[in-house]
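Hi everyone, thanks for coming. Please have a look at it first.

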Amino acid sequence: MSGCVFCGIVAGTVPAFRVADEPDGVAFLDTRPVFKGHVLVVPRVHLVTLAELPADLLPGYFALVRRLAVAVESGLGAGGTFVAMNNKVSQSVPHLHTHVVPRTKGDGLRGFFWPRTRYDDDAEAQAHADRVAAALPAGA
């Protein structure tokens, strides 16, 4: 898509520190990393949200994300990874992308992405679970 920086990276017209370039997606370093080695994984096609990712592309895309999570951990000697995706809200580039962030014990990431809250009681929790379950599309 014209004007999309991630499409430009996929096409090779925008420079990036590439980690992987495969049929299922492209992975590159985030220019503003949470921690050094923070990787973004994008599908080759321009999509804005996870809901737009066609079912036939899911296995390959998420297999690539999984492989990158392993590579970030082993390649950087990290204690683990944080894998996350924003859809619309807080999505700085409107192109589907998955963050793979290296983690180490005591790195201070607590609550970086969101404030934590509690349900008032079990009834409120169950009401939220019921609303999500009722909206869940049938499996593909």
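Predicted model: local features only at pLDDT ≥ 70, side-chain atom pairs only at ≥ 80, totals over all residues.

If you walk along from the N terminus, the order of elements is α-β-β-β-α-β-β-α. Along the principal axes, the C-alpha atoms fill a box of roughly 50 × 40 × 25 Å. The chain has 140 residues, and 32% of them count as buried.

Let's move to the strands. Please find β2, residues 25-29. Which strands does β2 pair with? On one side of our story is β1, residues 18-22, which pairs with β2 in the antiparallel sense over four bridges. A hairpin of two residues connects β1 to β2, and Glu-22 has Gly-25 of β2 as its bridge partner. The other pairing is with β3, residues 39-42, again antiparallel and over four bridges. There, Ala-27 stands opposite Val-41 of β3. Is β2 mostly covered or mostly open? Mostly covered, as four of its five residues are buried.

Which element gives the most?

Let me zoom in on Val-100 for a moment. Beyond its neighbours within four places in sequence, Val-100 is in contact with a list of residues that includes Gly-37, Val-39, Val-41, Leu-68, Val-72 and Phe-82.

Thr-49 sits in the loop between β3 and α2. Is Thr-49 buried or exposed? With a relative accessibility of 8%, Thr-49 falls under the 20% cut-off, so it counts as buried. Setting aside residues up to four places away in sequence, Thr-49 touches Asn-87, Lys-88 and Leu-96.

Compare that with Gly-108, in the loop between β5 (98-103) and α3 (122-135). Gly-108 has a relative accessible area of 58%, which is over 50%, so this residue is exposed. From Gly-108 to Ala-16, the C-alpha atoms are 27 Å apart, and the two residues are 92 residues apart in sequence.

Phe-17 is a loop residue as well, placed between α1 (5-11) and β1. Its relative accessible area is 66%, so Phe-17 is exposed. Together with Val-19 and Leu-29, Phe-17 makes a nonpolar surface patch of about 310 Å².

Last topic: salt bridges. How many are there? The count comes to four. Let's begin with Asp-21, which forms one with Arg-18, where the closest N and O atoms are 2.7 Å apart. Asp-21 also forms one with Arg-44, again with the closest N and O atoms 2.7 Å apart. Asp-21 belongs to strand β1 and Arg-44 to the loop between β3 and α2, so this pair ties together parts that are 23 residues apart in sequence. Arg-44 is partly exposed, at 33% relative accessible area, and Asp-21 is partly exposed too, at 45%.

Then there is Arg-67 with Glu-22, whose closest N and O atoms are 2.8 Å apart. This pair links distant parts of the chain, as Arg-67 is in helix α2 and Glu-22 is in strand β1, 45 residues apart. Finally, which residues are joined by salt bridges that share partners? Arg-18, Asp-21 and Arg-44 form one such network.

That's my tour, and I'm happy to take questions.

Notes
Residues numbered from 1 in each chain as written. Heavy atoms only, no water. Buried < 20%, exposed > 50% of the residue type's maximum accessible area, 1.4 Å probe, protein only. Pairing = 2+ DSSP bridges. Patch = residues over 30% accessible without salt bridge, like charges linked within 9 Å, V, L, I, M, F, W, Y side chains within 5 Å. Areas by Shrake-Rupley, 256 points an atom, 1.4 Å probe, with all protein chains shown as cover. Salt bridge = Lys/Arg side-chain N within 4 Å of Asp/Glu carboxyl O. Contact = heavy atoms within 4.5 Å.
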